[in-house]
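Open the model in a viewer and keep the selection panel at hand. The tour below moves from one selection to the next.

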Amino acid sequence: MSAPLSSASFWCVVPAAGRGTRVGGDCPKQYLPPLAGRTLILHTLERLAAHPRIAGLLVTLGSSDAHWPTIDSMHGKPVLTAVGGAERSDSVLAGLEALPSEVGADDFVLVHDAARPCVRQADISRLMDLCTAADGGLLGAPLRDTLKRADDASRSMATESRDERWRAFTPQMFRRGQLSAALRDVAARGAKISDEAMAMEQAGFAPLLVEGAEDNIKVTTAADFALAEFLLARTA
């Protein structure tokens with residue numbers, strides 16, 4: 001008998017095959033000088049593995065990644081790896097295909113950015129609870145800042161409505177089979193997508209937006225590292 005949804009556990013795919021070029025340097029950003037003694041990716045994996053309903057982690061790495069610390073478990077949970085692809089969508093699909101055979105096509109799987117180390121446990125729990133009933137969704141936050149449309153010279157040309165606009169975060173959570181099919185379709189069309197929810201939208205789904213804490217930042221630039229270190233120290 002399968003576990004009730006309220007107590008079910010989930011695998012999480014963590015795409016980490018990117019180069020992180022906006023940070024600068026030759027080393028991918030997930031391995032740059034440590035935050036509070038640990039690399040960015042280890043903070044992220046630690047935060048995920050500590051959640052009681054995450055059963056295991058599948059990390060997709062670049063084919064020539066020489067920085068991965070070769071860990072195979074965290075908090076007593078398996079940490080598996082697979083080779084990712086050129087695009088995020090390729091890496092996520094590779095991770096989905098490499099999940100253990102006991103993860104069925106109808107089972108929900110989370111996908112989380114390697115560069116989001118500050119995600120809150122309570123937000124992960126809320127995502128799991130709400131999205132299993134809604135056939136999938138993602139963490140995010142309604143847009144609260146004034147939104148401007150700029151020209152090529154960075155001049156403000158118009159003020160856009162922020163109504164019904166959200167910032168998309170991760171984790172995002174969908175059924176393994178449905179997300180795999182959506183990503184295969186993306187690859188077949190040669191399309192570019194920015195997240196898994198976009199692939200699902202193009203496949204005809206309407207992912208549920210679950211509001212999460214806005215300190216679930218994605219470390220993208222050098223300045224983000226200082227903010228992430230502050231947030232990690234505050235929530236340790």
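The stops that follow cover the nonpolar cores, the salt bridges and a few backbone features of this predicted model.

**Stop 1: the main core**

Select Ile-41, Leu-45, Leu-57, Val-59, Trp-68 and Leu-110, the residues with the most contacts inside the largest nonpolar core, which has 43 residues. Now colour the elements that build this core: β1 (10-16), α1 (40-49), β2 (54-61), β5, α3, β6 (137-142), β9 and α6 each supply at least two residues. Helix α1 gives the most, with six residues.

Centre on Leu-57 and show what surrounds it. Leaving aside neighbours within four places in sequence, Leu-57 is in contact with Trp-11, Cys-12 and Leu-45, and also with Leu-48, Ala-49, Pro-78, Val-79 and Leu-80.

**Stop 2: the second core**

A separate core of 21 residues comes next; select Leu-93, Leu-96, Phe-174 and Met-200, which are among its members. In soluble globular proteins, nonpolar side chains tend to be buried together.

**Stop 3**

Turn to the charged side chains.

Show the side chains of Arg-88 and Glu-196, which form a salt bridge with an N to O distance of 2.8 Å. Arg-88 belongs to helix α2 (residues 88-97) and Glu-196 to helix α5 (residues 196-202), so that the pair links distant parts of the chain, 108 residues apart. Which of the accessibility classes does Glu-196 fall into? Glu-196 counts as buried, at 1% relative accessibility, whereas Arg-88 is partly exposed, with a relative accessible area of 23%.

**Stop 4: Asp-113 and Arg-116**

Select Asp-113 and Arg-116. Their closest N and O atoms are 2.8 Å apart, in a salt bridge, and both residues are buried.

**Stop 5: Asp-215 and Arg-120**

Next, select Asp-215 and Arg-120, whose side chains meet in a salt bridge at 2.6 Å, N to O. This pair also links distant parts of the chain, 95 residues apart: Asp-215 sits in the loop between β10 (208-211) and α6 (222-235), and Arg-120 in the loop between β5 (108-111) and α3 (121-131). Asp-215 is buried, with a relative accessible area of 11%, while Arg-120 is partly exposed at 37%.

Now select Arg-88, Asp-113, Arg-116 and Glu-196 together: salt bridges that share partners join these four residues into one network. Side chains of opposite charge can pair when their charged atoms come close.

**Stop 6: backbone features**

Switch to the backbone. Most residues other than glycine have a negative phi, and most peptide bonds are trans.

Where is Ser-154 placed? Ser-154 is in the loop between β7 (147-150) and β8 (156-160). Its phi is near 65 degrees, a positive value in a residue other than glycine, and Ser-154 is exposed, with a relative accessible area of 65%.

Go on to Glu-164, in the loop between β8 and β9. The phi of Glu-164 is near 65 degrees, again positive in a residue other than glycine. At a relative accessible area of 80%, Glu-164 is exposed, the cut-off being over 50%.

End at the peptide bond from Thr-170 to Pro-171, which is cis, with omega near 10 degrees.

Key:
Residues numbered from 1 in each chain as written. Predicted model: local features only at pLDDT ≥ 70, side-chain atom pairs only at ≥ 80, totals over all residues. Heavy atoms only, no water. Helix = DSSP H or I, 4+ residues; strand = E, 2+ residues; numbered from the N terminus. Buried < 20%, exposed > 50% of the residue type's maximum accessible area, 1.4 Å probe, protein only. Core = buried A, V, L, I, M, F, W, Y, C linked by side-chain atoms within 4.5 Å. Contact = heavy atoms within 4.5 Å.
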